[in-house]
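Biologist: I'm new to this one, so please walk me through how to read it, feature by feature.

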Amino acid sequence: MQQMMTYRAHARAILRLGMPLILSNLAQFAIHITDTVMLGWYDVRALAAATIATTLFFVIFIVGAGFAQAVTPLVAAAAEDGDDVQVRRVTRMGLWLSIIYGLVVTIPFFWAEAILLAIGQDPEVAGLADIYLQIVIWQMIPALIVMTLKSYLAALEHTAVILWATIGTALLNVVVNYALIFGNLGAPEMGIKGAAIASLIVTIVTVLWLAVYILRQLPQYELFRNFWRSDAEIMARVFRLGWPIGLTSLAEGGLFSASAIMVGWIGPLPLAAHGIAIQLASLTFMVHIGFSQAATVRAGRALGRRDEALLRRGGVTAIMLSAIFALTTSVIFLAVPEFLVSLFIDPSEPERATLLQIGAGLVMIAALFQVVDAAQVMVLGLLRGVQDTTVPMIMATFSYWIVGMPASYALGFWFGLGAIGLWLGLVLGLTVAAVLLMLRFWGRSVRISPAA
């Protein structure tokens, strides 16, 4: 019986569900790296403009993505309950909210250059970023649709298609960037404009890929049937669950953006070292996000079954798998920090020795940082699975901004620890978040009554 599953059986189920999600997250990360490298080869100013433009886009996108992520636990619970109609209603309203949000937030992007100038960006960079954003704004709605369809597929445990779609579009992204940025394969040389068009094309292709798969492989749910029919009750449920997820993601993303700004106050070399260390930490974090997504699905299915024992064992197993990976990578970070940093630095760089010294220190802090970061993202996934998002949002925001940010500033500047102090403050904030969220889940949210 399901409720008697062993920890080993839970581990197999989570790995079977989570590995395609982990690999698709890594492939998505590779798309980001590819864009950075290829624009950097083309023109440093274009890279700077695309960096500020994508940061602005991502901050807006991540809030709307909360509605897409809310689809996962609701669909998982409905599917476990055998309610095909509820699966369709939830996903349809998730798509509605994503489209409505996308339409609303697209409007300010038409004045992107004025906004960037108002926040003190260089006029040339702001002009190039505006060229990029005037194309990429049309990516907002397709990108949110992709997130919603991926959440729907993950909840139904169809994760392999997510992996192959991401790998396929990552390869397509390289080809289209190569053609449109540099003017290869018979295409005109378009620079940063070509990079924006490539991003839009890749996102639209992903929507079509996932939609065709859904129509062919999951016809029983009739996902797009009566798509234009409104459903106020279900829309309210998705909205109530989704907006705290979006704001939690914004609070965490904003914490790291603010940390980069503060490191920049110290100087360009610490900022460069910070960027390297964040890239390494982000790479390993993709694995924990995959485990967290799998934990959300498993918790949602346990909720659909009204099975507290299944939820408890599954929760322990998911957290332990993530912890094992975090501890393994922490050992690597502690053992060879300078080697890892050196992979990102040109051997002929005059400031190489200083960058290696600062970067190695940050990577060693990252060894601790990723353990607590993994813990808090895992328990957030479990809480989302049991549809508990509002109080966790408050806990996370308090930990990030009331504890972590002031601690970073104090350690970095008042105590003179520089970039190391800033990172130690982040560790403290994430630790408080992990403790509070764990107490929330294991003390309250893990309890499922038979009539839940």
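Biologist: Let's start with the second largest pocket: how do the residues of its lining divide into nonpolar, polar and charged?

Modeller: The lining has six nonpolar, three polar and four charged residues. For the sorting, Ala, Val, Leu, Ile, Met, Phe, Trp, Tyr, Cys and Pro are nonpolar, Asp, Glu, Lys and Arg are charged, and the others, Gly among them, are polar. Before we go on, keep in mind that this is a predicted model: local features need pLDDT of at least 70 and side-chain atom pairs count only at pLDDT 80 or more, while totals for chains, interfaces and linings use all residues. Residues are numbered from 1 along each chain as its sequence is written, and side-chain values use heavy atoms, with hydrogens and water left out.

Biologist: What is a pocket, and what is a cavity?

Modeller: Picture a 1 Å grid over the protein atoms alone: a cavity is a set of points where a 1.4 Å probe fits but cannot get out, and a pocket is an open set with protein on both sides within 12 Å along at least five of seven lines. Lining residues have an atom within 4 Å of a point. Points are joined across faces, edges and corners, and the volume is the space filled by probe spheres set on them.

Biologist: Which residues lie nearest the centre of the second largest pocket?

Modeller: Ala77, Ala78, Arg237, Arg306 and Gln387, out of 13 lining residues. Helix H2 (44-80), helix H3 (84-106) and helix H10 (268-305) are the elements that give two or more residues to this lining. H2 has the largest share, with three residues. The space in this pocket is about 240 Å³. A helix here is a DSSP run of H or I with at least four residues, a strand is a run of E with at least two, and both are numbered from the N terminus.

Biologist: How many cavities of 30 Å³ or more are there?

Modeller: The count is one. The largest cavity has a volume of about 40 Å³. Its lining consists of Pro244, Ile245, Thr248, Leu380, Arg384, Asp388, Thr389, Pro392 and Met393. Helix H9 (232-266), helix H13 (352-385) and helix H14 (390-414) each supply at least two residues of that lining, and H9 has the largest share, with three. By residue class, this lining has five nonpolar, two polar and two charged residues.

Biologist: Now zoom out: how many helices and strands does the protein chain have?

Modeller: The chain has 15 helices and zero strands. Its radius of gyration is 22 Å, close to the 22 Å that the globule rule gives for 452 residues, so the chain is as compact as a globular protein of that length. That radius is taken over C-alpha atoms, and the rule is 2.2 Å times the number of residues to the power 0.38. Along the principal axes, the C-alpha atoms fill a box of roughly 65 × 50 × 35 Å.

Biologist: What share of the residues is buried?

Modeller: Of the 452 residues, 54% count as buried. Buried means under 20% relative accessible area, exposed means over 50%, and partly exposed is in between (1.4 Å probe, protein chains only).

Biologist: Next, contacts. Which residues does Leu21 touch?

Modeller: A contact means heavy atoms within 4.5 Å. Leaving out residues up to four places away in sequence, Leu21 touches Ala154, Thr159, Ile162, Gly290, Gln293 and Ala294. Leu21 is in helix H1 (residues 7-42) and is buried, at 4% relative accessible area.

Biologist: Where is Thr169?

Modeller: Thr169 is in helix H7 (residues 160-182). Its relative accessibility is 4%, so Thr169 counts as buried.

Biologist: Last one: what is the phi of Arg306?

Modeller: Phi of Arg306 is near 55°, a positive value in a residue other than glycine. Arg306 is in the loop between H10 and helix H11 (308-335), and at 33% relative accessibility it is partly exposed. Asn226, which is not a glycine either, has a positive phi of about 50°. Asn226 is in the loop between helix H8 (192-217) and H9, and is partly exposed at 35% relative accessibility.
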